[in-house]
Amino acid sequence: MTANALTIPFERIADPVVRAIAERVASGTRLRRADGVALFESPDLTGIGLLADAVNRAKHGDVVTFASNQHINPTNICTLRTTCVFCGYARLPKEEGAYRYTLDQVMAEARTGNNGMTREFHIVGGLDMQAGLEYYTSMFRALKAELPHVHIKALTAVEIAHIARIEKIGWSEVLAALKEAGLDTMPGGGAETFSAAVREAIASKKLGAADYIGVHRAAHALGIRSNSTMLYGHVESFADRLEHMQMLRDLQDETGGFLAYIPLAYHPDDNELGKRLKRQGIATSGVDDLKNLAVGRLFLDNFAHVKSHWIMVSPALSQIALHYGVNDLEGTVVREKIYHAVGAQTQQAMSLPEILRLIRGAGKIPAERDSFYNVLRTFEQSEAA
Ligand code: V47
Ligand code: SF4
């Protein structure tokens, strides 16, 4: 992280509420949950953006990072298929469209990898009773044996707890075995929204908030760093969002193990919740997408990285988000399935020249990073992609 001076353009922040919060930020005082709620309630999107941008620039200057990663979703079979009502990806074992890759299929998909550019596999899937510890340890071993340079970011906290349950062992034991087999870091999926009432409404049987935090705590204790997410734009309130971010901030204070925060925009198509809410075709608003990223940057003051997932919110919005506190883009993704099962209209992969054009178009400096956010190469303006 580069440390630059924090320069907040107070005179350009119109809403006095946002200006008062800016004063807190300038004096190094942490935001309270009520401040976060006030930011969501404020109509001054520009003021919020200026504040989040100032904080982001103080941490990262003009550099925006991306990683060349490749998603592999080895199984869509999931025991929670009927209770995670927002999910359009999962299938029951005998349902049409259900699949579970063999090791050969995983390897074949890994080899197609991104013209050899892949530096990271992002591996997540359903809670499949037939995909236990051995399924994943042999997968990670085979991937590392053939492609040792590729980082493995795999399995959400929910999947770790599922494996622990079917193997009848503890979370730490699962994590240690996976680490030994090649797991490097964990993604942030499965968090959804932590509030008990919201979880009951959208994911009633999913691992609870305290256990999600517990699995990440156990991973951090073993030196496995992880990401964090929040699914927003469904039935949650602003207070729920802040409760969620507070839990993430508290764990980060304790362990420092989170690498990035990634708010995920709910997509209402092809899932039960979208039908119930009569929201099909009606995604989150651009304003709310930007506010979620900006409030994440401001409230999560102990997080280095805030990532926009362009697959979910479009490349155009992610580009604008680079002025709302975002310093990282979910990069070149090959054959992404989960969001395209629930109505995401965006293209499924971005090439290197495309992502460079996007970042430069925002007046920022693109930089390719590794999975720990170390900059590998910076693409200066004149350099050809
Ligand atoms: O937990 C499922 C979300 C998540 C829908 O850590 C949906 O680097 C929107 O967490 N609308 C998995 N979202 C993906 C994820 C992720 C993505 C990119 C990077 C990282 C990282 C993590 O996808 C699930 C859930 O919150 N999801 N269904 C839906 N209808
Ligand atoms: Fe299964 Fe995850 Fe979908 Fe829930 S969100 S049904 S746990 S794949």
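Tutor: In this predicted model, 75% of the contacts in the protein chain with a separation of 6 or more are between residues 24 or more positions apart.

Student: What makes the radius of gyration of the protein chain agree with a compact globule?
Tutor: For 385 residues a compact globule would have a radius of gyration near 21 Å, and because the protein chain has 20 Å, the value agrees with that expectation. The C-alpha trace spans about 60 × 50 × 40 Å along its principal axes, and the chain has 15 helices and ten strands.

Student: What share of the residues counts as buried?
Tutor: Of the 385 residues, 61% count as buried, the cut-off being under 20% relative accessible area.

Student: Why is the largest set of 113 residues called a nonpolar core?
Tutor: The name applies because such a set consists of buried residues of the listed nonpolar kinds, joined through side-chain atoms within 4.5 Å; those with the most contacts inside this core are I123, Y136, F140, L178, M186 and M245. The core draws at least three residues from each of domain 1 (10-57) and domain 2 (62-378). Beyond its neighbours within four places in sequence, M245 is in contact with F40, M230, Y261, V295, G296, F299 and L300.

Student: Which kinds of residue make up the shell around ligand 2?
Tutor: The shell divides into six nonpolar, one polar and two charged residues; ligand 2 is surrounded by C78, L80, R81, C84, F86, C87, A90, G126 and K206.

Methods. Residues are numbered from 1 along each chain as its sequence is written. Chains are lettered from A and ligands numbered from 1 in the order in which they are written. This is a predicted model: local features need pLDDT of at least 70, side-chain atom pairs count only at pLDDT 80 or more; totals for chains, interfaces and linings use all residues. Side-chain values use heavy atoms; hydrogens and water are left out. Buried means under 20% relative accessible area, exposed over 50%, partly exposed in between (1.4 Å probe, protein chains only). Domain bounds come from an automatic or database domain assignment. Contact means heavy atoms within 4.5 Å. A residue is near a molecule or strand if one of its heavy atoms lies within 4 Å of it. Ala, Val, Leu, Ile, Met, Phe, Trp, Tyr, Cys and Pro count as nonpolar, Asp, Glu, Lys and Arg as charged, and the others, Gly among them, as polar. Helices (H or I, at least four residues) and strands (E, at least two) are DSSP runs, numbered from the N terminus. The radius of gyration is taken over C-alpha atoms; the globule rule is 2.2 Å times the number of residues to the power 0.38.
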